[in-house]
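Me: Could you take a close look at one helix for me, and then at the aromatic pairs? I'd like a connected account that I can follow with the model open beside me.

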Amino acid sequence: MSAPRFPFPEVLKNLPLPIIAAPLFIISHPQLVIEQCQAGVVGSMPALNARPASQLDDWLAEITETLAAHDALHPLQRAAPFAINQIVHKSNDRLDHDMALCVKYKVPIVITSLGARTEINDAAHSYGGVVLHDVISNGFARKAIEKGADGLIAVAAGAGGHAGVKSPFALIQEIREWFDGPLALSGAIATGGAVLAAQAMGADFAYIGSAFIATEEARASQAYKQMIVDGSSDDIVYSNLFTGVHGNYLKGSIRQAGLDPDALPVSDPGAMNFGVEALSAARAWKDIWGSGQGIGVVRQVLPARELIARLKVEYEQARARLAAS
């Protein structure tokens, strides 16, 4: 029996660059999203970054109106679509409110994390939106598609923030045995060559997060950005202490918080919380800084457009080398 065919949404076709900028908790906001989209990559942010919740209405209006004005002025160089990340975990008591605003503004792409729910997918589909669900295993990937997601983000070893432990080769090849729809790869991707490598493995898009922390538009402290610039894969620790879910963090930020990054205790997964209380606690994400293993090639803080321009040049150079070999 042949494998089922999965449709490829129009909104994800013919992007200027095959890159989705990952939603960065606390850090992403409209200015960064707009710069990413206008430079040709899918820009994104978590809905929870808007605080209070009512601010999300203003932010979505700003993004949609700014991108529409850009497209009117540049019909031949239209902006890439944008995405909003929704945390589908039970601790997120804003989910219904935030999804209602996604429906109101017809957000082109909804990225769902930490849970797959049919009603969330149905809400996005009600206006023609596309849902990408991030997964750390093939089993979770199947469940997401069964519940109505349109595409997947394979979060492999080395990704920033909440991340899996699977090799990208293993994760991509297992998913591609049965799924031919939109697939992005996340995990230590920070160069144009790595973007091409993700496609060579079978992904359609590279999912890049940590490199965008070290951009001028990112809403991160200068100390955080500098730690990214100064760091390498040796400076990353994998722990579930801070949110109850395993993730990758900068060792330097853990030391600054008075903890030993090489001797962290294990947290109770039942303590997982992503609502206002988690942000108010300040420990997770605000004081303990998430980062992936790909930061060794991040050498300076740049405007987002300059980072994307560099990725484009590197991507084209990698394609040319491959064609010449």
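**A close look at helix H12**

Reply: Happy to, and do keep in mind that this is a predicted model. Helix H12 covers residues 304–324; its 21 residues reach 30 Å from the first C-alpha to the last, close to the 30 Å expected at 1.5 Å a residue. Buried in H12 are Ala304, Leu307, Ile308, Leu311, Tyr315 and Ala318. Viewed down the axis of H12, these buried residues fall within an arc of 95°, so they line one face of the helix. On the face of H12 turned away from the buried side you will find the exposed residues Arg321, Ala323 and Ala324.

What do the buried residues of H12 pack against? Their partners are strand E1 (19–21), helix H1 (30–38), helix H7 (192–201), strand E9 (205–208) and helix H8 (210–213).

Now to the aromatic pairs, of which a search of the whole structure finds six. One of them joins Phe8 and Phe205 in a tilted arrangement, 6.1 Å centre to centre with 40° between the planes. Phe8 sits in the segment before E1 and Phe205 in strand E9, so this pair ties together parts that are 197 residues apart in sequence. Phe8 is partly exposed, at a relative accessible area of 26%, whereas Phe205, at 5% relative accessibility, counts as buried.

Definitions and conventions: Residues numbered from 1 in each chain as written. Predicted model: local features only at pLDDT ≥ 70, side-chain atom pairs only at ≥ 80, totals over all residues. Heavy atoms only, no water. Helix = DSSP H or I, 4+ residues; strand = E, 2+ residues; numbered from the N terminus. Expected span 1.5 Å × (residues − 1). Buried < 20%, exposed > 50% of the residue type's maximum accessible area, 1.4 Å probe, protein only. Arc of directions from axis to C-beta. Contact = heavy atoms within 4.5 Å. Phe/Tyr/Trp six-rings, centres within 6.5 Å; stacked < 30°, edge-to-face > 60°.
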